[in-house]
Amino acid sequence: MDIMALLLAGALAGTAAGLLGIGGGVIIVPVLSLVFDSAGIPADTIIKVAVGTSLATIVFTAISSIWAHHQRGAVRWPLVKTMTPGVVVGSLVGAWLADIIPGYWLTVGFISFLILVSIQMTIGPISANRTLPGPQTLRGVSALVGCLSSLMGIGGGALHVPFLSWFGVPVKQAIATAAAIGFPLAVTASLGFIFTGLNEKHLPDHSLGYVNLPAFAGVVAASILFAPLGAALAHKLPDRLIKRVFALFLFLLAMRMAYKML
């Protein structure tokens, strides 16, 4: 297993988690897919192990990112409290669906997801004079985000940040709040991937369900050190620049994964 690739992925994921509130999964999943592919893991299993391992690493990345944002008073905790029940339920559903959906279609779905979010973040408004919907709608949205995020192996920020920004939440607060919501999402989803992968026969060595422990350790070691750096950058850079960087980064990742599939 390529340790340097895992450490680099962890460093980039931690920075992205703090800077963009995305949990780092949009970096970790493509990198782990390439690492496991070079190790000869069956193609249909690769994406599921990459997603499950990514979600497990996000648990620790999120803690570091949340603390850095909380110290700056950017986390809107009432929103986190309202949206967490929905995201927990949705993430469990997503983990169950990921076990039964063929790996090829999960990969196609992930690439499509990255492209759509990059477009939305490019053309969408920086802020808006809209009022956030009521608690039930917020929980419903977070349940959908939890399901999709669990399927894609991300912390939910790639969907929560655009959603909150659309309703006028300042982007720095949206990033910080999305990072906080991503913690219970990642905990629940990673447990789901461990459970649903226990009967899988073609896993990499030293895996617990769909979570590969060596890859998990390598990514986490670097990501928790770099998340505070990303959070510090998020509070220094202009909102518009953050969103444009976010969009470009997601698009490039999508193209890299599509090229690998072809």
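For the charge analysis, Lys and Arg count as positive and Asp and Glu as negative, with His and the chain ends not counted, and each charge is placed at NZ of Lys, CZ of Arg, CG of Asp or CD of Glu. On this basis, the mean positions of the 14 positive and 7 negative charges of the protein chain lie 20 Å apart. The model is predicted, so local features need pLDDT of at least 70 and side-chain atom pairs count only at pLDDT 80 or more, whereas totals for chains, interfaces and linings use all residues. Residues are numbered from 1 along each chain as its sequence is written, and side-chain values use heavy atoms, with hydrogens and water left out.

The protein chain has ten helices and two strands, defined as DSSP runs (helices H or I, at least four residues; strands E, at least two) numbered from the N terminus. Along the sequence, these elements follow the pattern α-α-α-α-α-α-α-α-β-β-α-α. The radius of gyration of the protein chain is 17 Å, close to the 18 Å that the globule rule gives for 262 residues, so the chain is as compact as a globular protein of that length; the radius is taken over C-alpha atoms, and the rule is 2.2 Å times the number of residues to the power 0.38. Buried residues (under 20% relative accessible area, 1.4 Å probe, protein chains only; exposed is over 50%, partly exposed in between) make up 55% of the 262 residues. With contact meaning heavy atoms within 4.5 Å, 82% of the contacts between residues at least 6 apart in sequence join residues at least 24 apart.

A nonpolar core is a set of buried Ala, Val, Leu, Ile, Met, Phe, Trp, Tyr and Cys residues joined through side-chain atoms within 4.5 Å. The largest such core holds 66 residues, of which V26, F110, F113 and L114 touch the most other members. Helix 8 (residues 171–196) gives the most to this core, with eleven residues. Beyond residues up to four places away in sequence, F110 touches G25, V26, V29, P30, M152, I154 and M257.

V87 is located in helix 4 (residues 77–100) and, at 0% relative accessibility, counts as buried. Apart from neighbours within four places in sequence, V87 contacts S142, A143, G146, H160, I181, P184 and L185. Helix 7 (residues 157–166) is mostly covered, eight of its ten residues being buried, and is followed by G168, whose phi is positive, near 90 degrees.
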